[in-house]
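Dear colleague,

I am handing over the structure we spoke about, placed just below, and my notes on it follow. Please read them with the coordinates open beside you.

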Amino acid sequence: MPLPQRGKFITFEGLDGVGKSTQMENLAAHLRDRGIDLITTREPGGTALGEKLRTVLLSSRTEGLSPLAELGLMFADRAQHIDEQILPALERGQWVLCDRFTDSSEAYQGGGRELGSEVVLQLHKTLCHDLQPDLTILMLSDVARTVARARRRNVEQSKTMADDENRFEKESRAFYNRVLAAYMAIAKRAPQRVIPVDAADAIATVHKKIIGIVEERLFSGKPLSKQKTP
Ligand code: TYD
């Protein structure tokens, strides 16, 4: 039996509340309709260990976490996620759609927490086999509107969850401006991989744009329906 062709790895990035999760699920449904075998996952999270780390990282009950400890936990989550979920799926020939990846650490810990990019890229090399997505959709939006939306959503969610996920949403406007600036710098550095998408448009419009990007970048203009993973 020939080895299956390695799957494609697509990540979604952007500020909290920008609508990444919806767009990722919509793209997943579209690709599945076209016969692509795939998994969707997220960071922090995606594994049993990762979901525990997620609670620690996102709960506003976690106090006094140092920026470097926060970065270390994000990478512990990611190293486990890559070895347990992402690489095995790609090697089986499945596509992997992931809500956040190392660009989030570069934007939030490198930019937002002002740790800089170098430490993030070094950790990525050492702990993550330097695994690069085939494509990153960077959803761009106005800082104030997006963060306000994330805060509203998390207040709603925390009514039904044992723990909230509000620790980052408590950060200042200046923090989110630094996160956005770091994302823009990544997009400038890696224009082949990172494609910015205006997230202010209607959900269906953004979805269409994302499909267009995936077709162009990962199928070189061939209709998706002709592509089937083995
Ligand atoms: P997420 O669940 O994607 O939140 P949202 O749906 O609000 O975008 O991400 C959780 C938070 O974790 C988000 O505030 C960004 C933060 N984060 C980092 O700071 N560094 C990282 O490496 C990752 C993966 C996430």
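**The ligand and its surroundings**

The residues of the shell around the ligand divide into nine charged, five nonpolar and four polar. Please keep in mind that this is a predicted model, and that the distances below are computed from it.

In total, 18 residues surround the ligand, and the closest are D16, R54, R100, S105 and R153. Helix 2 (48-58), helix 3 (67-92) and helix 4 (102-112) each supply at least two residues of this shell, and helix 4 gives the most, with four residues.

In the side chain of E169, an N or O atom is 3.5 Å from an oxygen atom of the ligand. Of the 550 Å² of accessible area that the ligand has on its own, the protein covers 95%, and the ligand sits in the largest pocket.

**A salt bridge at R54**

The structure holds eleven salt bridges, and one of them joins the side chains of R54 and E165, with an N to O distance of 2.9 Å. Because R54 lies in helix 2 and E165 in the loop between helix 6 (143-158) and helix 7 (173-189), the pair ties together parts that are 111 residues apart in sequence.

With best regards

Methods. Residues are numbered from 1 along each chain as its sequence is written. This is a predicted model: local features need pLDDT of at least 70, side-chain atom pairs count only at pLDDT 80 or more; totals for chains, interfaces and linings use all residues. Side-chain values use heavy atoms; hydrogens and water are left out. A residue is near a molecule or strand if one of its heavy atoms lies within 4 Å of it. A polar contact is a pair of N or O atoms within 3.5 Å; within protein, one must be able to donate a hydrogen and the other to accept it, and residues adjacent in sequence count only if both atoms are side-chain atoms. Accessible areas come from the Shrake-Rupley method with a 1.4 Å probe; for residues, only the protein chains shown count as cover. On a 1 Å grid over the protein atoms alone, a cavity is a set of points where a 1.4 Å probe fits but cannot get out, and a pocket is an open set with protein on both sides within 12 Å along at least five of seven lines; lining residues have an atom within 4 Å of a point. A molecule sits in a cavity or pocket if more than half of its atoms lie within 2 Å of its grid points. Ala, Val, Leu, Ile, Met, Phe, Trp, Tyr, Cys and Pro count as nonpolar, Asp, Glu, Lys and Arg as charged, and the others, Gly among them, as polar. A salt bridge is a side-chain nitrogen of Lys or Arg within 4 Å of a carboxyl oxygen of Asp or Glu.
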